[in-house]
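Visitor: I have the sequence and the model side by side. I would like to know what stands behind the labels. Can you take me through them?

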Amino acid sequence: MSFFEDLEPWFYVTRFRDQLNGFSRTMLASMATASCTDRAANECRDDEAALRLKMVAMVAILVAGITGVAIPLVGRKRRFLRTDGSLFVFAKAFAAGVILATGFVHMLHDAQSALTDPCLPESPWRRFPFSGFVAMTAALGTLVVDFVGTQFYERKHREEAMGVKSAAAAAAAAAAAAAAEEGITVISIAPEPEAAAADNVKSPMHIVGMHAHAAAHRHSHPHEHGACDGPARREGGPGHAHEDEGEVSSHVRHVVVSQILELGIVSHSVIIGLSLGVSQSPCTIRPLIAALSFHQFFEGFALGGCISQAQFRNLSAALMACFFAITTPTGIGVGAGAASFYNANSPRALVVEGILDSISAGILIYMALVDLIAADFLSRRMSCNLRLQVASYMALFLGAGSMSALAIWA
């Protein structure tokens, strides 16, 4: 017993030392959190100047968003801004480059910065690349939604077409019965093979990918087929009905693309608006005004083009355009109201911001590569027009480069 009694003081000393070390680590962590919070809050802080700049930002971004989304919608009936015109394809390529750079250079980088911030505990946030994993998951989720949405709308179109055919067949049978009662001979003329095939609606897509989108896109421009077309593509040939089927499939694709693209844009616009609204630093807000106005204009142009190609009703198109335009200014207003008590460097705020930025990055990267770039650049129309190819590639790289360069200031 004396041996264990001799070790008892050492046991208490060891336990006290462990508790002291744990307390020291807690204090150091809390001091690190406090220091990063205080540094971010006090750097170039001017509440009055920041509030004035926020008002300017709300107006400038709202005007830029409305202008960008309205140009394709208002100009779709104008010859030089029609969605099947070369100028529209050129501008859409530039906007696609802007969206791609937004996802890769801005949103993914901001997500990585937020989720690896020193204010967050090292485990698990700095031991696993959560930003890339969440972005990848969001991109795969967008693929699933894209595929399911396309099947749903194609099934809906097919059922509507079958209903119209059934009604027409019933009306024809009723007319034939009435004519037979009156002793009138009815001669039925069998439709041409291509006309009969045109009545059918294309079956649901089995592959959603780059070539599927390119095929849908080139079906949407049947009147532009020229020297690149084969004999089967001539009017009256077997390909004529296939073009009509492609027009239905292309319309479905544009409906799905416009809705998913708006979801991705709106999700990151909320984060951008809140981040600018809670900032009390004019040094941070001032460069963001120009950068976000540029970004909002071309994102709006791309979204407006997709809405125009989807041929929504005027009310639906206006609602989608307005919802896009007011999202970022609304986020700025909410952030400005919450700036007095909201701590952008708190662990919870950093995690939420990082995850939402990652989701937005995944959606935007998928939409830019698959539904905007591949759909146009792999189309028959692009492959048959060398001048349009060169101009579109230049616009794509210029848009991506311009938006990437803005990361120097914002």
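Guide: Start with a pair of charged residues. In this predicted model, Asp376 forms a salt bridge with Lys92.

Visitor: Why is this called a salt bridge?

Guide: The closest N and O atoms of Asp376 and Lys92 are 3.7 Å apart. The cut-off is within 4 Å, between a side-chain nitrogen of Lys or Arg and a carboxyl oxygen of Asp or Glu. So the pair qualifies.

Visitor: What makes this pair a tie between parts apart in sequence?

Guide: Asp376 sits in helix α11 (residues 347-377), Lys92 in helix α3 (residues 86-115). The pair therefore links parts that are 284 residues apart in sequence.

Visitor: How many salt bridges does a search of the whole structure find?

Guide: One.

Visitor: Are Asp376 and Lys92 buried or exposed?

Guide: Buried means under 20% relative accessible area. Asp376 has 5% relative accessibility, so Asp376 counts as buried. Lys92 also has 5%, so Lys92 counts as buried.

Visitor: Why is Ser392 called buried?

Guide: Its relative accessibility is 0%, so Ser392 falls under the 20% limit. Ser392 lies in helix α13. Beyond four places in sequence, its contacts are Val89, Phe90, Ala93, Phe377 and Met382.

Visitor: What makes Phe133 partly exposed?

Guide: Phe133 has 43% relative accessibility. With Phe128, Met136 and Leu140, Phe133 makes a nonpolar surface patch of about 400 Å².

Visitor: How do you know that the span of helix α2 agrees with expectation?

Guide: Helix α2 (residues 47-74) has 28 residues. At 1.5 Å a residue, the helix should span 40 Å. The end C-alpha atoms of α2 are 40 Å apart, so the two values agree.

Visitor: Which residues of α2 are buried?

Guide: Among them are Ala49, Leu53, Lys54, Ile61, Gly68 and Pro72.

Methods: Residues numbered from 1 in each chain as written. Predicted model: local features only at pLDDT ≥ 70, side-chain atom pairs only at ≥ 80, totals over all residues. Heavy atoms only, no water. Helix = DSSP H or I, 4+ residues; strand = E, 2+ residues; numbered from the N terminus. Buried < 20%, exposed > 50% of the residue type's maximum accessible area, 1.4 Å probe, protein only. Contact = heavy atoms within 4.5 Å. Patch = residues over 30% accessible without salt bridge, like charges linked within 9 Å, V, L, I, M, F, W, Y side chains within 5 Å. Areas by Shrake-Rupley, 256 points an atom, 1.4 Å probe, with all protein chains shown as cover. Expected span 1.5 Å × (residues − 1).
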